[in-house]
Amino acid sequence: MKKILEVEDLHISFHTFAGEVQAIRGVNFDLYEGETLAIVGESGSGKSVTTKSIMRLLPPGNSEIKSGKILFKDKDLAKATEKQMQKIRGKDISMIFQDPMTSLNPTMTIGKQIMEPLLKHQKLSKSKARERALKLLDLVGIPKPEVRLKQYPHQFSGGMRQRVVIAIALACTPKVLIADEPTTALDVTIQGQILDLMKDLQKQIETSIIFITHDLGVVANVADRVAVMYGGKIVEVGTVDEIFYNPKHPYTWGLISSMPSLDTDDEELYVIPGSPPDLLNPPKGDAFAPRNPYAMKIDLEEEPPMFQVSDTHYAATWLLHPDAPKVEPPEAVKERMDKFREKAAGSIKEGK
Amino acid sequence: MAKYIGKRIIFMIITLFIISSATFFLMKFLPGTPFQNEEKLSEDQREILNEKYGLDQPIPVQYANYMVNIAKGDLGVSFQFDNQPVTNLLKNRMGPSLQLGFQAMFIGTIIGILLGVLAAMFQNTWIDYGSTFLAVLGKSIPSFVFAAVMQYYIGVKLELLPVASWDGFTSSIMPTIALAIFPIATAARFMRTELIEVLGSDYITLAKAKGNSGMEVSFKHAIRNALIPLITVLGPMAVALMTGSMVVEQIFAIPGIGEQFVKSIQTNDFPIIMGTTIFFAFLLMVIILIIDILYGIIDPRIRLTGGDKK
């Protein structure tokens with residue numbers, strides 16, 4: 001598989017009155033053609049900042065890409081000019097936002113909003129752009145597109161608006177689609193519909209998706225690979241199965257343990273104790289150490305490097321160091337690991 | 001839409017009726033008559049005058065007569081200004097006032113919006129601070145101070161424009177500027193705040209994510225949305241212009257309604273006071289109606305809740 005996007009050692013800071021907030025502290029990841037990469041993590045872990053920086057949509061006044069590369073089509077987007085970015089935004093890379101209720105212009109018809117990137121990037125005539133907009137509305141499952149095209153956002157429901165936003169994002173068949181929590185603001189039944197739609201469209205348009213979410217259920221549903229972010233870094237990355245059934249990082253263990261499951265009888269849900277690190281003064285060692293029940297002395301001293309678990313699976317925890325003591329992951333994670341072993345064994349038996 | 005406007009016009013007529021009734025009775029409660037200042041008049045002459053103008057009749061009868069006449073479009077005859085019908089006087093005086101008001105409103109909103117947009121787009125730069133400074137000046141210094149300063153420097157010292165007269169467009173420039181300062185300041189402040197808020201909203205980020213440049217985002221997406229709340233303050237601003245024009249008209253010796261209104265109050269000229277009040281009320285209601293229609297044009301959400309849904 002070909003890499004479409006490479007993020008290398010990205011550092012991003014925000015300049016505030018209190019000082020420099022190091023929101024992103026060395027993020028590395030690759031996006032392959034046609035895959036869906038989910039980025040998960042709690043609020044403030046840097047998911048949105050990372051993806052906004054790919055589109056260079058961070059507020060120019062107070063944010064700064066300190067170092068690192070964002071390679072797309074042999075171009076380093078981290079150093080691209082605003083003019084160059086305007087040609088890429090909406091054409092090669094586009095974005096779906098979290099809240100469909102506020103992400104459409106209330107005083108512009110849906111049609112105009114969908115036609116805008118088409119007129120801009122593909123230099124279509126107005127009538128051609130209208131035709132394409134009708135097709136796009138049909139594609140995202142909005143009935144009566146001719147009527148809907150002339151309507152305003154307030155005449156659409158939340159789910160329908162998100163379909164419109166998706167239509168706008170896909171108008172120029174982008175290579176990379178960034179979906180920043182596209183289902184968080186929708187209720188569960190609509191969530192399912194939107195996820196199905198995205199998966200369906202991804203196959204048709206052959207785009208790569210970066211899917212930001214903090215909902216692990218959604219991740220399991222859509223992603224091929226998962227990157228877990230904590231404190232401005234990616235702490236574990238792997239395929240969906242690897243992350244869900246063979247997680248290595250204690251933070252991922254915490255996330256998975258705090259996921260409600262149909263099988264458990266426990267009334268109380270697991271909570272990761274403590275609060276996220278202060279990125280104004282990032283800790284010296286592993287940012288997760290203070291909340292990590294498995295923390296060792298070295299976690300407070302030195303940041304762990306990425307340890308390779310398999311070809312696709314990496315995790316940044318000292319527990320993977322050959323000298324580290326063997327620890328047992330929490331109960332919920334162990335159950336999942338057992339299931340994975342059964343699943344793997346099962347698939348061998350069935351000859352898959 | 002037609003149904004909505006029709007409804008609004010009926011309400012306007014009812015409002016006008018209430019306003020004219022209230023003004024009528026308020027004036028009758030005031031002490032003094034139009035003729036008491038004329039010391040040369042004898043008691044008999046005063047009686048004759050009172051009879052002539054119907055002021056000897058009981059107040060309810062006077063009220064009924066007046067209202068019937070208004071309905072016919074007759075606002076009575078002025079006591080002071082050469083016995084002319086009030087409608088004539090208003091007609092003659094309306095021109096300069098409306099011209100000034102319109103010019104000031106037009107220039108004020110356009111320059112104000114422009115200043116506000118610049119301030120918002122170049123937030124926290126010298127452009128922003130400059131616009132803020134101008135706006136604070138414009139809001140805190142009354143229009144007659146500007147008028148006097150302009151008269152002295154531009155009119156007397158530089159002799160660029162007529163100091164105080166009314167002939168042709170050149171003589172309207174200074175009064176228009178004096179009147180426009182307040183709307184400029186108000187619109188600029190309002191536009192800046194609104195536009196900054198709009199520029200921070202999600203749909204602006206989406207517009208940027210489509211590949212629009214900063215200018216395109218501002219002009220295609222942001223300004224229209226920022227205008228909606230501004231329209232709300234345009235109404236009171238128009239009123240401020242109308243009342244503010246009284247002073248400015250006096251300073252620049254403009255034969256407008258404001259100047260005449262002030263004189264008629266000083267001399268208890270009932271028909272003129274009544275006529276002008278009703279005229280101002282009418283003007284204000286028309287402005288409010290226009291503003292409400294503007295809302296619908298700019299904001300589709302209001303257009304559809306306003307009445308005719310498909």
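This is a predicted model: local features need pLDDT of at least 70, side-chain atom pairs count only at pLDDT 80 or more; totals for chains, interfaces and linings use all residues.
Okay, one definition before we start: when I say helix, I mean a DSSP run of H or I with at least four residues, and helices are numbered from the N terminus.

Is D138(A) buried or exposed? Exposed counts as over 50% relative accessible area, and D138(A) comes out at 53%, so it counts as exposed. There's also a distance to look at. D138(A) and A167(A) are 29 residues apart in sequence, and from C-alpha to C-alpha they are 9.2 Å apart in space.

In chain A, one open sheet has eight strands, and their order is β6-β7-β8-β3-β9-β10-β12-β11, with mixed pairing. At the edges you find β6 (93-96) and β11 (307-308) of chain A; each has a single partner strand, so one side of each is left without a neighbour in the sheet.

Let's pick one strand from that sheet, β9 of chain A, residues 225-230. How many of the six residues of β9(A) are buried? Six of the six, so this strand is largely enclosed by the rest of the structure. Which way do the residues point? R225(A), A227(A) and M229(A) go one way from β9(A), while V226(A), V228(A) and Y230(A) go the other way.

Another is β10 of chain A, residues 233-239: six bridges join it to β9(A), and here the strands run antiparallel. For that pair, look for V226(A), opposite G238(A) in β10(A). β9(A) and β10(A) form a hairpin with two residues between the strands, and in that hairpin G231(A) takes a positive phi near 55 degrees.

Helices lie across this sheet too. Helix α10 of chain A, residues 250-257, lies across β3, β9 and β10 of chain A, and runs at about 105 degrees to β9(A). Helix α7 of chain A, residues 188-205, lies across β3, β6, β7 and β8 of chain A, at about 160 degrees to β8(A).

E206(A) is not a glycine, yet it has a positive phi of about 55 degrees. You'll find E206(A) in the loop between α7 and β8 of chain A, and at 66% relative accessibility it counts as exposed. K123(A) is another non-glycine with a positive phi, near 50 degrees. K123(A) sits in the loop between α3 (110-121) and α4 of chain A, and is exposed, with a relative accessible area of 65%.

Chain A also has an open sheet of four strands, in the order β2-β1-β4-β5, with antiparallel pairing. Its edge strands are β2 (19-32) and β5 (75-76), each pairing on one side only. β4(A), residues 63-72, pairs with β5(A) over two bridges, and D76(A) in β5(A) is the bridge partner of L71(A).

Over to chain B. Helix α10 of chain B (residues 257-266) packs with helix α11 of chain B (residues 270-298) at about 140 degrees, with their axes 9 Å apart. The two are therefore oblique to each other, and α10(B) passes α11(B) in a left-handed crossing. Among the residues making the contact are I257(B) and F261(B) of α10(B), and I273(B) and F280(B) of α11(B). By class, that contact has seven nonpolar, four polar and no charged residues.

Last stop: S131(B), in helix α5 of chain B, residues 126-140. S131(B) is buried, with a relative accessible area of 3%. Leaving out residues up to four places away in sequence, S131(B) touches L115(B), A119(B) and R189(B).

How values were computed: Residues are numbered from 1 along each chain as its sequence is written. Chains are lettered from A and ligands numbered from 1 in the order in which they are written. Side-chain values use heavy atoms; hydrogens and water are left out. Buried means under 20% relative accessible area, exposed over 50%, partly exposed in between (1.4 Å probe, protein chains only). Two strands pair if DSSP finds at least two bridges between them. Contact means heavy atoms within 4.5 Å. Axes are lines fitted to C-alpha atoms, for helices over the stretch in contact, and angles run from 0 to 180 degrees between N-to-C directions. Angles under 35 degrees count as roughly parallel, over 145 as roughly antiparallel, 65 to 115 as roughly perpendicular and the rest as oblique. A crossing is left-handed if the near helix is turned anticlockwise from the far one by less than a right angle, and right-handed if clockwise. Ala, Val, Leu, Ile, Met, Phe, Trp, Tyr, Cys and Pro count as nonpolar, Asp, Glu, Lys and Arg as charged, and the others, Gly among them, as polar.
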